[in-house]
Amino acid sequence: MVTFQVPEMSCNHCVKAITEAVKAVDAGAQLNFDLPARRVSVEPASASTQALQAAIAEAGYEATPAAA
């Protein structure tokens, strides 16, 4: 599992956009969101941390790996 800090993530629209972006590169990924902490944890099925981070960035959100 990898956890990202996503400072701009604040609402359900953000959750949807990030989910769609991650699922586009790893359809089997499982996501868990913590909006108050602005973190998303991803259990990848096949994508690398870098690919997940790039997908989130493509959706318009800065994502940096964070401690789980």
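Predicted model: local features only at pLDDT ≥ 70, side-chain atom pairs only at ≥ 80, totals over all residues.

Visitor: How many disulfides does the structure hold?

Guide: The structure holds zero disulfides, a disulfide being a pair of cysteine sulfur atoms within 2.5 Å.

Visitor: Is Cys14 buried or exposed?

Guide: Cys14 is buried, at 5% relative accessibility, whereas Cys11 is partly exposed at 31%. Buried means under 20% relative accessible area, exposed over 50%, and partly exposed in between, with a 1.4 Å probe and protein chains only.

Visitor: Turning to the helices, at what angle do H1 and H2 pack?

Guide: Helix H1 (residues 12-25) and helix H2 (residues 49-58) pack at about 140 degrees, and their axes are 8 Å apart. Helices (H or I, at least four residues) and strands (E, at least two) are DSSP runs, numbered from the N terminus. Axes are lines fitted to C-alpha atoms, for helices over the stretch in contact, and angles run from 0 to 180 degrees between N-to-C directions.

Visitor: Which residues make that contact?

Guide: H1 contributes Ile18, Ala21, Val22 and Val25, and H2 contributes Ala51, Leu52, Ala55 and Ile56; contact means heavy atoms within 4.5 Å.

Visitor: Now Ser41: where is its place?

Guide: Ser41 lies in strand S3 (residues 39-43) and is buried, at 15% relative accessibility.

Visitor: With which side chain does the side chain of Ser41 make a polar contact?

Guide: The partner is the side chain of Thr3, at 3.0 Å. A polar contact is a pair of N or O atoms within 3.5 Å; within protein, one must be able to donate a hydrogen and the other to accept it, and residues adjacent in sequence count only if both atoms are side-chain atoms.

Visitor: And what does Thr64 contact, leaving aside its neighbours within four places in sequence?

Guide: With those neighbours left aside, Thr64 is in contact with Thr3, Phe4, Gln5 and Gln53. Thr64 is found in strand S4 (residues 64-66).

Methods: Residues numbered from 1 in each chain as written. Heavy atoms only, no water.
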